[in-house]
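Please open the model in a viewer and keep the selection tool at hand. The tour goes through open spaces and then a pair of helices.

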Amino acid sequence: MARSARPVVHYMATRPDGTVPPTDNYLARYYRGLGETIPTVNLADHIGETIDHPSPGQKWYTDKPFSYFHMYTRPGEILERIEDGWPIRLFVVEPLGETGNWGGGYYPYWLMSQQIRVVEETEAWRAFGHRGAQTLAAIAQLPDLARQWADEWAADPEDTRRTYAAWNERVHDTHALDWWAHYRAQYSRREAGLKVADQLADTAAAQAATAAGADTEALAVIRLRARCLVAGQLMFDRIRNGEYEQSIRALLLGAALDTPTPVPA
């Protein structure tokens, strides 16, 4: 018996206050510089309601900073156009009336409309894709982990340096972070999620390690380890087939290093 098609879910991300960011950040900055206020709408105020775009532009061109409702069918790419980055709120919406997609075949997960029904608010972690909850959990652990890694380096710099040097060399030789994680994220439509997770991991680890007194050399490898760990969590289900791929995944998760890393659920 043929399987029924999975229903398409449309997502829209908002700022933390529930308002929709502009569809074009460059135009938004330009018009704000001229003293203009960019129109928006607060999705949190309209759960279960149908709303029209407050200032619709030409279909389907970006002729205004906020010219249409821009939604995604692949939540892992939502963060690619968010004005202020993370954190966000995430809503399930239903496009109504005429729709468009000027991204064509390159961005089949985009959809534009000038009228939507706001179905519900959903978990923000979905903006990172299928592994979003595990990824955010790993990021939340990074301040404590980075301080622990910095303390281990300070306690035995020579031995820790050798351990990290071998791991660091293999990370770069295998291209674990740039080829394996990046391209698997691209294929599974989590590229934007991986990019934002990478930035969050780097910032969290750098702040914690710096506060713990890590020197320049230790700080560099701690930041790399944090980025690899989070990438390994996000792409855990996509880097898995065969012994070599499993070794890449273990490398990202830091299995060759002394400190135990979180085990994905």
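A pocket is an open set of grid points, where a 1.4 Å probe fits, with protein on both sides within 12 Å along at least five of seven lines. The model on display is predicted.

**First stop: the second largest pocket.** Select Leu79, Glu80, Glu191, Ala192 and Lys195, which are the closest to the centre of this pocket among its 17 lining residues. The volume here is about 400 Å³. Next, select helix 5, residues 191-211: this helix supplies six residues, the largest share of the lining. By class, the lining of the second largest pocket consists of nine nonpolar, three polar and five charged residues.

**Second stop: the largest pocket.** The space in this pocket amounts to about 590 Å³. Select Arg6, Tyr11, Thr73, Arg74 and Pro75; of the 17 residues in the lining, these are the closest to the centre. The lining of the largest pocket contains six nonpolar, five polar and six charged residues.

Select helix 2 (residues 132-155) and helix 6 (residues 216-234), whose axes lie 10 Å apart at an angle of about 155°. Because angles over 145 degrees count as roughly antiparallel, helix 2 is roughly antiparallel to helix 6. The crossing of helix 2 with helix 6 is right-handed.

Now display the side chains where the helices meet. Helix 2 contributes residues including Leu142, Trp149 and Trp153, and helix 6 contributes residues including Val221, Arg225 and Leu229. Which classes of residue form this contact? The contact of helix 2 with helix 6 has 15 nonpolar, three polar and two charged residues.

Definitions and conventions. Residues numbered from 1 in each chain as written. Predicted model: local features only at pLDDT ≥ 70, side-chain atom pairs only at ≥ 80, totals over all residues. Heavy atoms only, no water. 1 Å grid on protein atoms, 1.4 Å probe; cavity = no way out; pocket = protein on both sides within 12 Å on 5 of 7 lines; lining within 4 Å. Points joined across faces, edges and corners; volume = space filled by probe spheres on them. Nonpolar A, V, L, I, M, F, W, Y, C, P; charged D, E, K, R; others polar. Helix = DSSP H or I, 4+ residues; strand = E, 2+ residues; numbered from the N terminus. Axes fitted to C-alpha atoms, helices over the stretch in contact; angles between N-to-C directions. Parallel < 35°, antiparallel > 145°, perpendicular 65-115°, else oblique. Left-handed = near helix turned anticlockwise from the far one by under 90°. Contact = heavy atoms within 4.5 Å.
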